[in-house]
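Please read this report with the sequence and the three-dimensional view side by side, and find each residue as it is named. The headings mark the topics in turn.

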Amino acid sequence: MIIVSACLAGLPCRYDGKSCPNPEVIALVRAGKALPVCPEQLGGLATPREPVELKEDKAVTKQGRDCTDNLLRGAEAAARIAEMVNAKEAILREGSPSCGVEEIYDGTFSGTLRPGEGLCTRQLKKLGIRVRGLR
């Protein structure tokens, strides 16, 4: 089983209430080979929601609201789900403060990406799960 970002599976769970469907991910879900999760929703954040970026290991909104606990709870929940289904791989949404694999937004809300990984990615990697990012 593969864990996938729910937004890549076509579910409208992004901060803006939209999705970013990826045909490869949708095909995996339809074939019963992948399970969609949204760590930010699992952590208690609503959809739509104010954008969140990582700044100095804190997850904050543009208005300065600290959402770190939400993202950590969501990462832990996604990791528990991955363990339940014996996932060995995850395909996650690049850029996300939860799911970014190689790059995340830099915390300035300017649209600038920087090298880094999201909180869910970190949690899954700790479990030995291979994580791949998609745009």
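Predicted model: local features only at pLDDT ≥ 70, side-chain atom pairs only at ≥ 80, totals over all residues.

Helix α4 spans residues 119-126, and its buried residues are Leu119, Cys120, Thr121 and Leu124. Just after the helix comes Gly128, which takes a positive phi of about 85°.

The pairings can be followed one by one. Strand β1, which covers residues 2-5, is joined to β2 by four bridges, and these two strands run parallel; within this pair, Ser5 stands opposite Val37 in β2. To pass from β1 to β2 the chain goes through helix α1, residues 23-30, and this β-α-β crossover is right-handed. Strands β5 and β8 also run parallel, and five bridges join them, with Ile91 standing opposite Arg132 in β8. As a general point to keep in mind when looking at any such strand, side chains in a regular strand alternate between the two faces of the sheet.

Is Arg49 buried or exposed? Arg49 has a relative accessibility of 12%, and because buried means under 20%, this arginine counts as buried. Its place is in the loop between α2, residues 39-42, and β3, residues 52-55. The side chain of Arg49 reaches the backbone oxygen of Ala46 at 2.9 Å. If neighbours within four places in sequence are left aside, Arg49 is in contact with Cys13, Arg14, Tyr15, Cys38, Glu40 and Gln41.

Arg135 is placed in the segment after β8, a strand that covers residues 130-134. With a relative accessibility of 43%, Arg135 counts as partly exposed. When residues up to four places away in sequence are not counted, Arg135 touches Leu8, Arg93, Glu94, Gly95, Glu103, Tyr105 and Leu113. With one of these, Glu103, there is a polar contact between the two side chains, at 3.2 Å. Gln41, which is among the contacts of Arg49, lies 94 residues from Arg135 along the chain, and the C-alpha atoms of Gln41 and Arg135 are separated by 19 Å.

## Cysteines without disulfides

How many disulfides does the count come to? The count is zero, and two cysteines show how this works out. For Cys13, the nearest cysteine sulfur is that of Cys38, 3.9 Å away, and Cys13 is in no disulfide; a disulfide would need the two sulfur atoms to be within 2.5 Å. Both Cys13 and Cys38 are among the contacts of Arg49. Cys13 is buried, with a relative accessible area of 5%.

Cys99 is likewise in no disulfide, and the nearest cysteine sulfur, which belongs to Cys120, is 5.1 Å away.

## Backbone features worth a second look

Most residues other than glycine have a negative phi, and most peptide bonds are trans. Against that background, which peptide bond is cis? The bond from Thr47 to Pro48 is cis, with omega near -5°, and Pro48 is placed in the loop between α2 and β3, where Arg49 also has its place.

Asn86 has a phi of about 55° and lies in the loop between α3, residues 68-84, and β5, residues 89-93; with a relative accessible area of 49%, Asn86 is partly exposed. Phe109 has a phi of about 60°, and its place is in the loop between β6, residues 103-105, and β7, residues 113-115.

Notes. Residues numbered from 1 in each chain as written. Heavy atoms only, no water. Buried < 20%, exposed > 50% of the residue type's maximum accessible area, 1.4 Å probe, protein only. Polar contact = N/O pair within 3.5 Å; in protein donor to acceptor, adjacent residues only side chain to side chain. Contact = heavy atoms within 4.5 Å. Pairing = 2+ DSSP bridges. Right-handed = clockwise from strand over helix to strand, strands pointing away.
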